[in-house]
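Please look over the structure shown here before reading the notes. They are grouped by topic.

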There are 2 protein chains.
Amino acid sequence: MQEKNRKRASGCPIAFGLDIFGDRWTLLVIREIMLRGKRTYSEILEADEGIATNILIDRLKHLESEGILEKRRDPENRRSFIYNLTKKGRDLAPILIEIIIWSGAHDHRPNARHDVLEKIRKDRAGFEADLRDS
Amino acid sequence: MQEKNRKRASGCPIAFGLDIFGDRWTLLVIREIMLRGKRTYSEILEADEGIATNILIDRLKHLESEGILEKRRDPENRRSFIYNLTKKGRDLAPILIEIIIWSGAHDHRPNARHDVLEKIRKDRAGFEADLRDS
């Protein structure tokens, strides 16, 4: 994370974004919350890709410090925390959608999942609104 | 790159994309080619963010092996190579555009550059077509 947290000073919007979410895991954590409705550390840890505990802890802290997630105590379990996307986090929805569309066109592996792509093709605006409401 | 080249088998389109371009540098190399018309190793090396030679060599190889860039000898200088985006590479344009829009809304640093964002706001379809033609 050390390299990742170092912000580049070029002023370029692409560099700004990559400094925040340009790594193998950050947008997958966002996916778990936005597309799969996960809310707690334990739920996100169950992601299919097998995220390591230290990486998940690091990314949740990072996303909170960047103002993309907000953390509050779970009212039903005071020892647990709930993570919610902020406006800045929900605004990542179109980036995830474009990644899904790109992969849909170029992932030719037999196990490639196209279910979400179908939803986007049918009603992109509605799909994006659902993500933002998640 | 070792970790980055390892493809995750979940079938998720977001994981597929991040396995290819989910790092601090890959999409910046694409930016240099797509938005700034760079074509050679030496030109891309001049990027504002100061990409290290070993990282650039690694990323160019990676993008070529993923079918995102194609490399050919420069007809005007047979010792040099020219890199061009393939269809798969040009299809990354909407992802770059969404990153620019997101950063435009959330990068509040005084040196944040908004010139490209203005072009996207004025005519997104035209801007995307220009990127694809680059």
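Helices (H or I, at least four residues) and strands (E, at least two) are DSSP runs, numbered from the N terminus. This is a predicted model, in which local features need pLDDT of at least 70, side-chain atom pairs count only at pLDDT 80 or more, and totals for chains, interfaces and linings use all residues. Residues are numbered from 1 along each chain as its sequence is written, while chains are lettered from A and ligands numbered from 1 in the order in which they are written.

**Confidence**

- Chain A has a mean pLDDT of 93, and 96% of its residues reach 70 or more; pLDDT is the predictor's confidence in each residue, from 0 to 100.
- For the complex, the predictor gives an ipTM of 0.94 and a pTM of 0.94.

**Interface between the chains**

- Contact joins 41 residues of chain A to 41 residues of chain B; two residues are in contact if their C-beta atoms, placed from the backbone, lie within 7 Å.
- On the side of chain A that touches chain B, at least two residues each come from α1 (2-5), α2 (13-21), α3, α7 (93-106) and α8 (115-122).
- The largest share of that side, eleven residues, is supplied by α7(A).
- By type, the residues on that side are 20 nonpolar, eight polar and 13 charged. Ala, Val, Leu, Ile, Met, Phe, Trp, Tyr, Cys and Pro count as nonpolar, Asp, Glu, Lys and Arg as charged, and the others, Gly among them, as polar.
- The copies meet through the same surface, because 100% of the interface residues of chain A are also interface residues in chain B.

- A residue is buried if 20 or more other C-beta atoms lie within 10 Å of its own, exposed if 12 or fewer, and partly exposed in between, with C-beta atoms placed from the backbone.
- In chain B, helix α3 (residues 26-34) is mostly covered, with nine of its nine residues buried.
- The largest nonpolar core has 64 residues, and I14(A), L96(A), I14(B) and L96(B) have the most contacts inside it. Such a core is a set of buried Ala, Val, Leu, Ile, Met, Phe, Trp, Tyr and Cys residues joined through C-beta atoms within 7 Å.
- Leaving out residues up to four places away in sequence, L96(A) touches L27(A), I30(A), R31(A), M34(A) and I14(B).

**Domains of chain A**

- Chain A is divided into domain 1 (1-85) and domain 2 (92-134), with bounds from an automatic or database domain assignment.
- The C-alpha centres of domain 1 and domain 2 of chain A lie 20 Å apart.
- Six residues of domain 1 of chain A are in contact with five residues of domain 2 of chain A.

**Two individual residues**

- D107(A) lies in the loop between α7 and α8 of chain A and is buried, with 21 other C-beta atoms within 10 Å.
- Not counting residues up to four places away in sequence, D107(A) touches A112(A), P13(B) and F16(B).
- I55(A), in helix α5 (residues 53-65) of chain A, is partly exposed, with 16 other C-beta atoms within 10 Å.
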